[in-house]
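Visitor: I am new to this structure. Please take a close look at a single part of it, and then relate that part to what else can be seen.

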Amino acid sequence: MASEATNVNSQSEAFETWIKDQPLKPPCAGACPVNADIQSFVSLVAQGRFKESLEAVRERCTLPGSLGRICHHPCEGECRRNDVEGAVNIRAIKRFASDVCADEPVSDAVPKTRGKKVAIIGGGVAGLTAAYDLAKDGFDVTIYEQNDACGGAIYTGVPKYRLPKDVVAQDVAAIESLGVTIKTNTAIGRDVAFDDLAKDYDAVLIAIGLTVSRGIPIPGHDADGVLLALPVLKEANFNDNAAIGKRVVVIGGGNVAFDVARSAKRMGAEEVSLCCLECEDEIPAFSWELVEAREEGIIINPSWGPREIRVEDGKVSAISFKRCSRVFDEKGMFNPAYDENEILGIEADNVVFAIGQGADMNGFTGTSLEVDERGRIKWDALTLKTNLPNVFASGEVVTGPGSAVAAMRNAHHAATAIERFLTTGTAGAVVVPEPLAIGRLPRHTIDAIVRKEKNHVPMVDPAERVKSFMEAEGGFDIDMAIYEAGRCMNCGRGAEIIAEKCAACLTCVRVCPFGAPYISESRVADFNWDSCQSCGICAAECPGMAIHVGFNDDTLINERIDAATSGITAFGCQLGKPEIYNPLSKATSTPPGLNFVKLMCASRLDMRHILRAIENGVDGVAVMACPDDKCRYRKDVNWAEVRANRVKRLLDEIGIGGERVEFMGSFATPEEAQQAIGAFKAKLAELGPNPLNKVMVK
Amino acid sequence: MIVAEPKSLDEIKAMVDGYDRVLMVGCGTCVEVCLTGGERSVNLTATALRLARKVDGRDIEVGEQTVIRQCDFEYLDEVKDADKYEAIVSLACGVGIQGIARKFPNTPIFPGVNTTFMGFNEEYGYYTEMCKGCGECILHLTGGVCPVARCAKSLLNGPCGGTNNGKCEIGSDKDCGWVLIYNKMEQLGTLDKFKEINAPKNYGKAGNIRSMDLRK
């Protein structure tokens, strides 16, 4: 019967098949360090299939709730909607999928079919990601985590106002549920010997991150009141009564420095200054961190290098800075130059160094693991191997500081390397081809795209948010999420020509609102992928049935049509509203007796789809199409209505009766839709059952 | 391009009334381009026929195939398993229908479309007649507008008294062919030629049973 369960076709699988054959990749997925299947999870949210969306996220982005909050979302930077009216808010959609499924039971354990054991040292982003991949592959994975819970930097370092700890726990629980063993409060070297792990396990992954903050040995650096970034952040995260001086100066311009400055404000500091070597344009922290920090009253002093900490009675009283005239030299190397004549003095109760981090390699001292002269693990970036045959390393400990999603990417590679090593016995280079992204939207296509303003997530008012560590950013509600997901243009997943069936008749060229089809030099139609918006109008008109539409192909649509053999089948835009959210299934669903076949746009509806539903035995077909001013595609013709009318005439001729097909437009609320469906049902009841069901075929 | 229009389902249904297994064959050239006889039309017509028969309480098996052109034997070789069917419905133009009838001499052949005219593809789904195949082209004398096809009376010297503000007396939506000719010749600066009387055409060349032999 009709329900969301009929739409079980995994778009992720479809994507996998698709992407293998495609030379081009959507710009979002191409920009994503883990190449997440963004269009799939966004499209699933648009369709109200939230649980499936979350699974599609997790496939590559293993910590959806956490990354849904803190990912720096390079995907959005490349979103082609930027050239229209603003990128799709992909990160917020991801967060929504995770939040809406927060109370979902965790998944079943994956059977450990490979008969091999892997130890992962460090349960941070890299360790957890590798654990996810390897557990999914059937390996027996154990994580050794020195803290009382997994998460690493996102657990101990990232402040709660950006990432609540229960969200991290939710993400970790989902990975643990795959059958991953997690040993917390277990430090290498203290509780477990590294060499024992290397002996006892078939493979070991070192993913210990960078957990030691560095300072600068300027005069006064060892005074009381001089602090390091990570201990301050840890205090803020785990001590509800964490306190700090009234006047705090943070040294550093990276994201950690901003985390410290903004946390200090929440710990009660009245005056927080952040001083960094870089000039305003060079500040390495994400641009929105500067905006939000300033909103919170933090004073940012760019182009200042720390000179001396003034100490009174053994305690910090002030710090002076010298003007930094340059951070990088002509060769682009870090080589700051100063103008000692220009001095800035700031009175301070605390000075916090947030200038960088190193690895804590103590647990490996005296083991067979080799390190270089600077104490760094000897590591091959291509094979992710250390000097030991079965020991690999991944994440910031070997790549250096970076984003969470970059650590995740490296960990996917590490899991691939380990899987290959455990399968073949030899390690090899993990080479990930860089996909080509689709080009920019052509001007004529931009002009043809309907403007849909971006939904921003609500932020707590700055004056309010600095009072506590409450989460500063809100999430989408269901309507906002579905709307925002509906802004995705499915770049590159639209029409493809089946050249041997094309008669070069020009129908596609004439009906496309976006100017995507053209007749190629080989005298068949082809599609300009930069322009195609995947609406499917062309495919439903092509007289030679020579057009295949990526995600909205006939196979998928027919499967959905075939889910119903009675009642009403409705066709409509995937953003249509005949459905009501069902909290049990984490998906929207229709009432019994209504099979809603979602299309990218109602214009994708083919006369053949309606006939198929009728032939299957349904009593009526409802066609729901957004009015022109609501349609996310520009259309000069309401194709769904045109085709519904054509089928009505044909059904009259057939003897089934055109009144069994009703064009309904679209609805503002599910209730309105239910009402219209109810009226149609009553009309169909008067007509009696589909004549095809009545007759006994000889 | 040859333009054809679909026959009504009733007509097709009546034609194949005596058969329970028919093959419907489309043509991938002119009639596909005019949205009447390509693969989509075959599929829709076959489905409609099947459903209509089901409503009547009698099943019918309808096979579906579309070839590149039904006016070439080589392409008709692509029609497979015709012997499994009792009859063939062709959605090609009259030429193709006769082609398939020659290809399968022992199988009853039924037309699924009415072939109408040689026309121009004005825009999506809209076609206008442009040529009658008269066998003696005089387009160079009439500004590139054919009086045989586009004047309701096929007058060689027009317009007639029925011209009405640029439209033809047969319908206000029909352009008067001779006004089109006048305007075009004016544009070309050849109105002096407009006054010359066009000699009667040899309509014998438009006669029946025509053929052409380029083999020598």
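Guide: The part to begin with is B:I209, which sits in the segment after helix α8 (191-194) of chain B. Before going further, note that this is a predicted model. B:I209 is not a glycine, yet its phi is positive, at about 50°. As a rule, most residues other than glycine have a negative phi, and most peptide bonds are trans. With a relative accessibility of 87%, B:I209 counts as exposed, because the cut-off for that term is over 50%.

B:P159 belongs to the loop between α6 (147-150) and β8 (167-168) of chain B. As for the overall division of chain B, there is a domain 1, covering 2-117, and a domain 2, covering 135-201. The centres of domain 1 and domain 2 of chain B, taken over C-alpha atoms, are 38 Å apart.

A:L384 is not a glycine either, and its phi is positive, at about 60°. This residue lies in the loop between β15 (357-358) and β16 of chain A. A:L384 has a relative accessibility of 1% and therefore counts as buried, the limit for which is under 20%. So B:I209 is exposed, whereas A:L384 is buried.

A:I121 stands opposite A:I206 in β5 of chain A.

A:S177 counts as buried because its relative accessibility is 14%, and its side chain reaches the backbone oxygen of A:A174 at 2.6 Å. Leaving aside neighbours within four places in sequence, A:S177 is in contact with A:V106, A:S107, A:D108 and A:A109. The other loop, between α7 (90-100) and β2 of chain A, contains A:P105. A:P105 is exposed, with a relative accessible area of 66%. Its C-alpha atom is separated by 26 Å from that of A:Y161, which is 56 residues away along the chain.

Further along chain A is helix α23, residues 607-616. Seven of its 10 residues are buried, so the helix is largely enclosed by the rest of the structure. The buried residues are A:M607, A:R608, A:H609, A:I610, A:L611, A:A613 and A:I614. A:D606 caps the N-terminal end of α23 of chain A, with a side-chain oxygen 2.9 Å from the backbone nitrogen of A:R608. Just after this helix, A:G617 takes a positive phi of about 110°.

Finally, chain A can be seen as a whole. Its secondary structure comes to 26 helices and 27 strands, and buried residues make up 59% of its 698 residues. Among contacts in chain A with a separation of 6 or more, 73% come from residues 24 or more positions apart. The C-alpha trace spans about 100 × 55 × 55 Å along its principal axes. A compact globule of 698 residues would have a radius of gyration near 26 Å, and the 29 Å of chain A agrees with that. The domain assignment gives chain A domain 1 (23-104 + 441-488), domain 2 (116-211 + 359-439), domain 3 (217-352), domain 4 (494-549) and domain 5 (558-698). Between the C-alpha centres of domain 3 and domain 4 of chain A there are 58 Å.

Note on methods: Residues are numbered from 1 along each chain as its sequence is written. Chains are lettered from A and ligands numbered from 1 in the order in which they are written. This is a predicted model: local features need pLDDT of at least 70, side-chain atom pairs count only at pLDDT 80 or more; totals for chains, interfaces and linings use all residues. Side-chain values use heavy atoms; hydrogens and water are left out. Domain bounds come from an automatic or database domain assignment. Two strands pair if DSSP finds at least two bridges between them. Helices (H or I, at least four residues) and strands (E, at least two) are DSSP runs, numbered from the N terminus. Buried means under 20% relative accessible area, exposed over 50%, partly exposed in between (1.4 Å probe, protein chains only). A polar contact is a pair of N or O atoms within 3.5 Å; within protein, one must be able to donate a hydrogen and the other to accept it, and residues adjacent in sequence count only if both atoms are side-chain atoms. Contact means heavy atoms within 4.5 Å. The radius of gyration is taken over C-alpha atoms; the globule rule is 2.2 Å times the number of residues to the power 0.38.
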